Structure formats: C-alpha cells, structure tokens
Amino acid sequence: MAVIQEVARTRGAAPERRKGDGKAAALFLAPWFVGLVLVTAFPLVASLYLSFTDYSLLEAPGWVGLENYTAMFSDPRFFQALKVTFTYVLVSVPLQLAAALALAMVLDKGLRGLAFYRSVYYLPSLLGGSVAIAILWRQVFGADGLVNQVLGFFGIEGVGWVSHPDYALGTLMILNVWTFGAPMIIFLAGLRQIPAMYYEAASIDGAGRWRRFRSITVPLLTPIIFFNLVLQLIGAFQSFTQAFIVSGGTGGPVDSTLFYTLYLYEKGFSSYQMGYASAMAWFLLLVVAGMTAVNFLASKFWVFYDD
C-alpha cells in the first residue's frame with residue numbers, strides 16, 4: 001500500500017517538474033532569443049525599410065520607394081561588381097573543392113601523424129579571411145614579392161600581379177583555393193564512412209584506381225560534395241576582407257577586384273548612401289538564395305543517398 005501511494009505521489013509531481021524544466025530551458029535560451037531579435041531580426045527588418053529610403057547616416061531617412069532598386073540596374077559599377085563576384089565564385093569554389101578532395105584522399109591513406117597534418121591543412125581556413133593574411137598576400141604577389149623572386153630565379157620576368165587588372169582577381173582566387181581546410185576535413189570524414197568492402201570487391205573485378213574513384217568514391221561522396229558546395233558558395237559571395245586589403249578599398253586596378261560586398265561597403269560607408277547599400281544587400285540575399293535553391297533543385301539529379 002505504501003508503495004502504491006509513493007508511485008501516485010511521484011506521478012503527481014512529474015507535471016510540476018516538467019513545468020519547472022520548461023522555465024529553466026526558457027531561462028537558458030533567453031540570451032539566444034535576445035541576440036536573435038537584437039542582432040539578427042531587428043537589423044534585417046531595418047535594412048529592408050532603409051532599402052526604400054534615401055538615408056545618408058547623417059539625416060533622417062526619406063521614403064523614395066523603389067528608386068534605389070531601379071538605380072542599381074542603371075549603375076555600370078553595380079554590374080561590374082556582379083561580374084567580378086560571379087567570376088570569383090564560379091572559378092575559385094570548384095577549384096577549392098577539388099583541392100580539398102584531393103588532399104582528403106591523400107590523408108585518408110593512413111599517414112603517420114594524421115592529426116598533425118589535419119591541423120596544418122586546416123589552418124588556412126582559419127587564417128585565410130584575416131587582414132594579416134591579406135596583407136601578406138599583397139606582399140607575396142607584389143612587384144617585388146616572393147612570386148616574382150622565384151620567377152626571376154628561373155629567368156622569368158614577373159609583373160605586379162595585384163596591380164595588373166588581368167591578374168589581380170586571379171590572386172584572390174588562389175587565396176580562396178588555399179583556404180581548403182574546412183571542406184577537406186568534411187571530405188575526410190565522408191571518406192572514412194565509405195565501407196572498404198566496396199573497394200575490395202571492385203579490385204577483385206579488376207577495377208583500377210580511377211575506376212574505383214569514379215564509380216565508388218564520387219557517387220557515395222556526393223552528399224558531402226553537395227554540402228561543401230552550398231557552404232562554400234555562400235561564403236564566397238560574402239568575401240570582402242581580401243579584396244578590400246589587396247585593392248586598398250578601391251576594388252582596383254580598374255575595378256578588377258570590385259567584389260559585390262566591397263562595392264556595397266563603398267556605397268554605404270564611403271558615399272553615405274545607406275539606402276542604396278541596403279537595397280544592394282537585399283539583392284545579394286536574393287542572389288544567394290536563388291543560387292542555393294538552384295543547387296537544391298539540381299541535387300536530385302546528381303546527389304545519391306543510401307535510401
């Protein structure tokens with residue numbers, strides 16, 4: 001009888017404990033919700049409103065409707081920024097993923113000191129977007145930089161890579177490819193999940209390395225490739241620091257490194273056209289969302305899942 005009474009008492013107290021747990025969870029989540037509202041949601045809504053205004057940061061915003069959006073499509077530098085950014089994204093991201101996959105396959109062979117190599121190759125992803133690396137990159141590819149010194153050793157006359165409109169964007173692409181550490185780690189984790197029996201069976205059937213890579217590794221790795229592709233595309237569209245430092249904040253030479261984000265910054269904080277800059281930010285959001293949607297729609301034709 002005493003046991004039955006204890007069980008009944010315990011069951012009656014359970015809802016009270018669950019209610020108390022809910023209050024504790026809300027208390028711990030409160031800072032996150034405050035940050036979500038103040039740091040993300042409120043600025044997002046504010047920027048949408050400002051995109052329909054003429055706002056100079058120094059005076060109250062005045063409503064102008066769609067004027068900022070129509071002005072964008074009559075601005076030649078806006079289209080140059082789009083061209084530079086799309087060229088950068090569509091060239092550097094596939095090269096970065098190819099380098100990441102190649103290194104991941106090398107590290108997947110079971111090298112000694114694998115943890116050390118993983119850390120070393122991951123460092124560029126941590127440092128690649130920093131101001132210090134951008135300054136170093138400008139020095140390395142300068143007229144008297146390391147690249148030209150190496151070329152001079154072989155009797156080849158170099159150029160000022162970062163100051164030449166035909167090569168400046170290429171140096172930034174190389175920098176983005178160099179930051180392959182994060183996707184490499186993800187590829188390495190994916191390779192470790194492929195059962196060895198598939199490769200053993202293919203070897204027995206006489207399949208060579210290239211055939212095994214094409215018929216086993218790539219199909220089973222397509223979900224990881226898709227995941228890395230989406231992340232790196234979004235990150236590449238948001239690139240700013242490298243172009244700002246290498247070009248001195250101008251997007252030069254001859255607007256050859258005028259990234260979209262750099263032009264947005266110039267409009268907002270150099271020309272004090274914050275309404276125009278807000279409109280550009282929302283257009284970039286639509287572009288990134290559109291590219292992501294296209295990737296998700298196309299994924300059903302080339303991404304293979306176990307189920």
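## Close-up views of a predicted model

**View 1. G113 and the loop it sits in.** G113 is found in the loop between α3 and α4; helices here are DSSP runs of H or I with at least four residues, strands are E runs of at least two, and both are numbered from the N terminus. G113 comes out as partly exposed, at 42% relative accessibility (buried means under 20% relative accessible area, exposed over 50%, and partly exposed in between, with a 1.4 Å probe and protein chains only). Residues are numbered from 1 along each chain as its sequence is written, and side-chain values use heavy atoms, leaving out hydrogens and water.

**View 2. R77, D255 and E266 in a salt-bridge network.** These three residues are linked in a network of salt bridges, a salt bridge being a side-chain nitrogen of Lys or Arg within 4 Å of a carboxyl oxygen of Asp or Glu. By that rule the count comes to three salt bridges. In one of them, R77 pairs with D255, and the closest N and O atoms are 3.0 Å apart. R77 lies in helix α3 and D255 in the loop between α11 (241-246) and α12 (260-270), so this pair ties together parts that are 178 residues apart in sequence. R77 also pairs with E266, this time with the closest N and O atoms 2.7 Å apart. Since E266 belongs to helix α12 and R77 to helix α3, the pair ties together parts 189 residues apart in sequence. As for accessibility, E266 is buried at 16%, whereas R77 is partly exposed at 23%.

**View 3. R192 reaching D108.** The side chains of R192 and D108 meet in a salt bridge, at 2.7 Å from N to O. This pair links distant parts of the chain, 84 residues apart: R192 is in helix α8 (residues 181-192) and D108 in the loop between α3 and α4 (114-127). Both ends are partly exposed: R192 has a relative accessibility of 44%, and D108 has 27%.

View 4. Most residues other than glycine have a negative phi, and most peptide bonds are trans. Here, though, G252 and P253 are joined by a cis peptide bond, with omega at about 0 degrees. P253 belongs to the loop between α11 and α12, and D255 has its place in that loop too. D255 is not a glycine, yet its phi is positive, about 60 degrees. Just after α12, Y272 takes a positive phi of about 55 degrees. Y272 sits in the loop between α12 and α13 and is partly exposed, at 43% relative accessibility.

**View 5. Helix α12 under cover.** Eight of the eleven residues of α12 are buried, so the helix is largely enclosed by the rest of the structure. The buried ones are Y260, T261, L262, Y263, L264, E266, K267 and G268. Their cover includes α2 (67-72), α3, α10, α11 and α13.

View 6. A nonpolar core is a set of buried Ala, Val, Leu, Ile, Met, Phe, Trp, Tyr and Cys residues joined through side-chain atoms within 4.5 Å. The largest one has 59 residues, and those touching the most other members are M72, F78, Y88, F187, F259, Y260 and M280. Helix α3 (residues 76-107) gives the most to this core, with twelve residues. Setting aside neighbours within four places in sequence, F78 is in contact (heavy atoms within 4.5 Å) with M72, F73, Y260, Y263, Y276, M280 and F283.

View 7. A cavity is a set of points, on a 1 Å grid over the protein atoms alone, where a 1.4 Å probe fits but cannot get out; lining residues have an atom within 4 Å of a point. About 30 Å³ of space lies in the largest cavity, the volume being the space filled by probe spheres set on the points, which are joined across faces, edges and corners. Around this cavity are V230, L233, I234, F237, V288, M291, T292 and N295. The elements giving two or more residues to the lining are α10 (209-237) and α13 (274-302). The lining divides into six nonpolar residues, two polar and no charged (Ala, Val, Leu, Ile, Met, Phe, Trp, Tyr, Cys and Pro count as nonpolar, Asp, Glu, Lys and Arg as charged, and the others, Gly among them, as polar).

How values were computed: This is a predicted model: local features need pLDDT of at least 70, side-chain atom pairs count only at pLDDT 80 or more; totals for chains, interfaces and linings use all residues. On a 1 Å grid over the protein atoms alone, a cavity is a set of points where a 1.4 Å probe fits but cannot get out, and a pocket is an open set with protein on both sides within 12 Å along at least five of seven lines; lining residues have an atom within 4 Å of a point.
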